[in-house]
Amino acid sequence: MINQLLRLYGRWLPIALTSTCLAVVAATAQNTPPPAHAKKRSIETHIGYQNQQFKETQQSSIFRQANGISINVAYTTVNGERNQTIGLYYSQTKTDKNFASFANNKFGGIFYNHVRAIHKNIHVGGYADAGVFYTYRDASRITTLWGEPGTNFSYAAWSSVGLSASFNHDLKKNWSLSYSVRLPLLAYTIRPFYVENYPTAFLRDGRFSFNEEGIVKDFFKSGKVQSINNFMNVQASLEILKRFGTRQHQIGLQYQAGYLFFNGLKPLANLTNQILLTTKINISKP
Amino acid sequence: MKYIYLLGCVLLFVSCNDELMQPSNKPTSVFDQMSKRIEETYSMMELKNLDWPTVHKQYRALVDDGISQDSLFTVCSLMLFELKDGHCFLTDNNGEKSAVYDFTQGYYVTPDLTPALNYIGEYKQWRNFLITSILENDIGYINYIAFNKSEAGYWQQVLEYMKNNDVKKIIIDVRSNPGGEPLIAQNLCGYFITKPTKVGTMFHKSNKGKNDFIGPLTLTSTPKQPYLGDIPVILLTNRASFSSSSYLAGMMEALPNVIHIGQITGGGGGGFLPYELPNGWVVGITNNYFLDVKGKHIELGVTPDILVENTPEDFEEGRDRMLEAAISYNANN
């Protein structure tokens, strides 16, 4: 029941969260001067469970569900009003084995986020990221007279820039709540041709080889510049943290929703829901 | 504030795409999804002279939501067989039941190649997929059982072995070879050429329209060592020589010292991608095709230069007419 609801309506969840957050930012960011901050540096880790509802129209007629682990690592510096984060994210999920083929997904990337305080609780700014969504469909149990024909792979890669915002609210007894969103505006996306996994540029040059020489170079040449009508990678997270220790380290839980969408000849949609254990280790000198 | 709402509305609509809806797993939906996939991606509809909407209508009349999964599988398989393409397949959730078109229908193919053993005598086996022998009159015989990627490297050793034995003619026997990695066929041509040679072209489906293709994309073989000189090469095929075996036969049409003897190949001149249907079945549909240097399709089979077929009686008697023809072939006559 929950899966069905997520497949049908879940794609709107991060978008709804984004809109809500932007509305909150707009409603509360009125003429309140940001506070001055001392320079702080911290290392964040997020480890936990990820659920994906994904569909690649050239490989499947349906959304499939995959479950697995997610690991994110980030380094953050807070310098006065500026807040910069550079980080890596990676997840690995598998679908159930009720189908003739089962998918192993790898979803990872790198990001840089730069925001400024416009209010004591609110930061807005931009981000840049690069990532890849790779699916390996294992269908080794399908056999025909001439072999094992079902196994294949597909991929989508992107590099994007966009807007980001976060809202932080201190609760009682060292607890805090934070809420952040990222919304891409412009992206360079790489996605293979309609029914082939060869990079687009590899097939456009008028030559072809089963040897696949030069395929890596052609992979990077195959991209297109896209905007939000053809590419979306919205991420929203809600986090509750508790400060501890003399250096104000933090530990808590994070819920993260994301919606990755590639339009065009080979559409891809991937809705992710994650529950992550979060730690923020403050490495600044006291 | 109105800009925020405007942004929200834009976000809600920009990611709409009909293809990203979730179809039901009812039999009619499964059938429709499979038929749509075939219509949009199958690359040789014109060659097979098929009007897919007519085929769809014919089989759609046999399906309703009360049909059993077994019956649905049968109807979907029969519809798939209309393509007459041995690369297209349908398989159930467990991979236990598969439907593949039998491209050898209407041809006699010997159950195995045991009669050939009466001619080749003592042989050497190179792992699982290559058998070689040096026959009388310095004829090198190579039986290639399957185009297995992990053993492709053995071809160089096999041809060095042939060169060391100073063979005057080579027979490459790919009868009943079901295919495998087509790269091996492209590379194999490289041992029989002295300069880069165009061996064919590929066309790939680029969109849903029936004429949407990318191509021609040129396939070129580059010279490889050891080169055995300008000796005659005889390619031996039967109707069960499928896929990469047909590619090899098609590519070797570009090589002047190759003669093709035997039965027409089984075809299989394309590649395919599998596709998951709403009930967990997987259907594989051919989405590209190969043309030889003369611009001919190999999908329906590559016709030999010298047509020779074995009969059931030959098999009973342990006779192999095809191999006899290959052994006795004299390039100078």
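## A salt bridge between chains

Arg64(A) and Glu276(B) form a salt bridge, and their closest N and O atoms are 2.6 Å apart. Arg64(A) sits in strand β2 of chain A, while Glu276(B) sits in strand β11 of chain B, so this pair joins two chains. Both Arg64(A) and Glu276(B) are buried. Keep in mind that this is a predicted model.

The pair has further partners. Glu56(A), Arg64(A), Arg137(A), Arg191(A) and Glu276(B) are linked in a network of salt bridges. Over all chains, the count comes to 21 salt bridges.

## Two salt bridges in chain B

Look next at Lys48(B) and Glu299(B). Their side chains meet in a salt bridge, at 2.8 Å from N to O. Lys48(B) lies in the loop between α2 and α3 (52-60) of chain B, and Glu299(B) lies in the loop between β13 (288-291) and β14 (306-307) of chain B, so the pair ties together parts that are 251 residues apart in sequence. Lys48(B) is buried, and Glu299(B) is buried too.

Arg175(B) forms a salt bridge with Asp173(B). Here the closest N and O atoms are 2.9 Å apart. Are these two residues buried or exposed? Arg175(B) has a relative accessible area of 3%, so Arg175(B) is buried. Asp173(B) has a relative accessibility of 0%, so Asp173(B) also counts as buried.

## An open sheet in chain B

Chain B holds an open sheet of 4 strands. Their order is β2-β1-β12-β11, and the pairing is antiparallel. Which strands form the edges? They are β2 (98-100) and β11 (272-276) of chain B, and each pairs on one side only. On average, neighbouring strands of this sheet are turned by 15° against each other, with direction ignored.

Strand β1 of chain B covers residues 89-91. β1(B) runs antiparallel to β2(B), and 3 bridges join the two. One example is Phe89(B), whose bridge partner in β2(B) is Val100(B).

## An enclosed helix

Helix α7 of chain B spans residues 182-189. How many of its 8 residues are buried? The number is 7, so α7(B) is largely enclosed by the rest of the structure. The buried residues are Pro182(B), Leu183(B), Ile184(B), Ala185(B), Gln186(B), Leu188(B) and Cys189(B).

What do these buried residues pack against? Two helices of chain B are among the partners: α6 (154-164) and α8 (244-252). The strands β5 (139-144), β7 (197-205) and β8 (213-221) of chain B are partners as well.

## A nonpolar patch on chain A

Now turn to the surface of chain A. Ile43(A), Ile47(A), Ile69(A), Ile71(A), Val73(A), Tyr75(A), Ile86(A), Leu88(A), Ile110(A), Tyr112(A), Ile281(A) and Ile283(A) form a nonpolar patch there. Together they have about 970 Å² of accessible area. The elements that give two or more residues to the patch are β1 (40-56), β2 (64-79), β3 (82-95) and β4 (102-119) of chain A. The largest share is 4 residues, and it comes from β2(A).

Take Ile110(A) as one member. Ile110(A) lies in strand β4 of chain A. Its relative accessibility is 39%, so Ile110(A) counts as partly exposed.

Thr135(A) lies in strand β5 (residues 122-138) of chain A. Its relative accessible area is 0%, so Thr135(A) is buried. Which residues does Thr135(A) contact, leaving aside neighbours within four places in sequence? They are Phe54(A), Glu56(A), Ala103(A), Asn104(A), Asn105(A), Asn152(A), Phe153(A) and Ser154(A). Thr135(A) and Glu56(A) are 79 residues apart along the chain, and their C-alpha atoms are separated by 9.4 Å. Glu56(A) also belongs to the salt-bridge network described above.

Ser166(A) lies in strand β6 (residues 152-170) of chain A. With a relative accessible area of 14%, Ser166(A) is buried. Not counting residues up to four places away in sequence, Ser166(A) touches Asn121(A), Ile122(A), His123(A), Tyr179(A) and Ser180(A).

Definitions and conventions: Residues are numbered from 1 along each chain as its sequence is written. Chains are lettered from A and ligands numbered from 1 in the order in which they are written. This is a predicted model: local features need pLDDT of at least 70, side-chain atom pairs count only at pLDDT 80 or more; totals for chains, interfaces and linings use all residues. Side-chain values use heavy atoms; hydrogens and water are left out. Patches are made of residues with over 30% relative accessible area and no salt bridge: like charges are joined within 9 Å, nonpolar side chains (Val, Leu, Ile, Met, Phe, Trp, Tyr) within 5 Å. Accessible areas come from the Shrake-Rupley method with a 1.4 Å probe; for residues, only the protein chains shown count as cover. A salt bridge is a side-chain nitrogen of Lys or Arg within 4 Å of a carboxyl oxygen of Asp or Glu. Buried means under 20% relative accessible area, exposed over 50%, partly exposed in between (1.4 Å probe, protein chains only). Two strands pair if DSSP finds at least two bridges between them. Axes are lines fitted to C-alpha atoms, for helices over the stretch in contact, and angles run from 0 to 180 degrees between N-to-C directions. Contact means heavy atoms within 4.5 Å.
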